[in-house]
Amino acid sequence: MPTPPDLIRSAYAELIVTDLAAARWFYVDVLGLVITAERPGVLYLRAFEEYLHHSLVLREGAEPALRKLAYRVRRPGELEVARRYYAELGVPVRAVPAGDTLGIGEAVRLSDPLGFPVELFYAAEHTPRFTQRYDLHPGNALARLDHFNVVVPDVRAGHEYYTGLGFGVSETIEDTEDNLYAAWLYRKQTVHDIALTAGEGPRLHHIAFATRERAQILHTCDLLGALGREAMIERGPGRHGVSNAFYLYLRDPDGHRIEIYTSDYYTGDPDNPTVRWDVRDNRRRSFWGHEVVPSWYAEASTVLDLDGGPVPTRQPAVREATVTVGADGFGTADGANGFKLGNQA
């Protein structure tokens, strides 16, 4: 295999929404994202610490779906590396001219081996970074895009694909029979840029934005309650066992799932250990022992191919009869009680 491209982090996502005005209310008026640009039928948004043109694109369409996930590469020459690498993998690859996505330079767009539409880019328009513009920050200000979480039928295959790209593995959920239920993988120095979860896929489970403080997450809950829109809170607030993060999960007007996330940990050393959780450990899904709502197991966003058609899904390759695994790899097992810290290796 040729050398893989040098990816540095998850960079932006593009969602299809059916009502752009409703989506704007949720993402701008409620979550407080900054509008970088607005075009007919399209909205380009970023969080307060971000200086690239956008980290989220909302595009109006007939059915809600994921249009693409994007990663930034380390230097412009990595785009040619990517073209060679993915051609060798035998997946669809397209060269994309600068400006095809507003604010983004030349790019490579592909359907990855897991079935997801992915864009790789380096050049992007710079915008003002509002880190210290506290006069503009709402009480629940979002700092930056943190990660993507996707549902795949074969987590082992996804693990091999992403580690082949040079991603580190921060945490996994496994069993004693070598079944892999979920994996958290990173390029930047946090717990993950991408999480893989066993389930019917390929589908998008959620996109996550980081905040600086737990109080900002709680403010979002209070805000939705005050607006009478508390039903948009799907899960949380709570503390994950995997990743240690304090979290909140919301559903936007189209049902896309958004996580607000803080307090994970540093993974930048080359010998950072992988934390391995037993699938029977109940605290992996919630460190506080909360049950996971049924929608968590069943619902995720449709994924589009490079031509805009829905990607067919497959059922997971391995499904334990006594275990139900949620979209972050959390679940329950018959007879599983107590807590055992994941082994580190």
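This is a predicted model: local features need pLDDT of at least 70, side-chain atom pairs count only at pLDDT 80 or more; totals for chains, interfaces and linings use all residues.

Biologist: Fine. How many aromatic pairs are there by the rule you use?

Modeller: The count comes to eight aromatic pairs. One of them is phenylalanine 26 with tyrosine 27, an edge-to-face pair with 4.8 Å from centre to centre and 90° between the planes.

Biologist: Is phenylalanine 26 buried or exposed?

Modeller: Buried: phenylalanine 26 has 0% relative accessibility. Tyrosine 27 is buried as well, with a relative accessible area of 0%.

Biologist: And why do you call tyrosine 162 and phenylalanine 167 edge-to-face?

Modeller: Because their planes are at 75°, and planes over 60 degrees apart count as edge-to-face. The ring centres of tyrosine 162 and phenylalanine 167 are 4.9 Å apart.

Biologist: What about burial for tyrosine 162?

Modeller: Tyrosine 162 is buried at a relative accessible area of 3%, and phenylalanine 167 is buried at 5%.

Biologist: Switching topic: which ring does arginine 72 lie over?

Modeller: Arginine 72 lies over the face of tyrosine 122, and the distance to the ring centre is 4.6 Å. There's also arginine 214, whose charged end sits over the ring of phenylalanine 246, at 5.6 Å from its centre.

Biologist: OK, on to salt bridges. How many do you count?

Modeller: By the rule, 24 salt bridges. Among them is the one between the side chains of glutamate 14 and arginine 67, at 2.7 Å from N to O.

Biologist: Where do glutamate 14 and arginine 67 sit in the chain?

Modeller: Glutamate 14 is in strand S1 (residues 7–17) and arginine 67 in strand S5 (residues 65–73). They are 53 residues apart, so the pair links distant parts of the chain.

Biologist: How accessible are glutamate 14 and arginine 67?

Modeller: Glutamate 14 counts as buried at 0% relative accessibility, whereas arginine 67 is partly exposed at 32%.

Biologist: What does arginine 94 pair with?

Modeller: Aspartate 307: their side chains meet in a salt bridge of 2.7 Å, N to O. Arginine 94 lies in strand S6 (residues 93–96), while aspartate 307 is in the loop between helix H5 (294–298) and strand S18 (323–325), so this bridge ties together parts that are 213 residues apart in sequence.

Biologist: Why is aspartate 307 classed as exposed?

Modeller: Because its relative accessible area is 64%, and exposed means over 50%. Arginine 94 has 37% and is partly exposed.

Biologist: And arginine 109, which partner does that one meet?

Modeller: Arginine 109 meets glutamate 119 in a salt bridge, 2.6 Å from N to O. Arginine 109 is in strand S7 (residues 107–111) and glutamate 119 in strand S8 (residues 117–121), so the parts tied together are ten residues apart in sequence.

Biologist: Is arginine 109 buried or exposed?

Modeller: Buried, with a relative accessible area of 15%. Glutamate 119 is buried too, at 1%.

Biologist: Last one: which residues are in the salt-bridge network with Arg109 and Glu119?

Modeller: Glu14, Arg59, Arg67, Lys68 and Asp100 are joined with Arg109 and Glu119 into one network, through salt bridges that share partners.

Key: Residues are numbered from 1 along each chain as its sequence is written. Side-chain values use heavy atoms; hydrogens and water are left out. Rings of Phe, Tyr and Trp (its six-membered ring) pair if their centres lie within 6.5 Å; planes under 30 degrees apart count as stacked, over 60 as edge-to-face and the rest as tilted. Buried means under 20% relative accessible area, exposed over 50%, partly exposed in between (1.4 Å probe, protein chains only). A charge sits over a ring if NZ of Lys or CZ of Arg is within 6 Å of the ring centre and within 35 degrees of the ring normal. A salt bridge is a side-chain nitrogen of Lys or Arg within 4 Å of a carboxyl oxygen of Asp or Glu. Helices (H or I, at least four residues) and strands (E, at least two) are DSSP runs, numbered from the N terminus.
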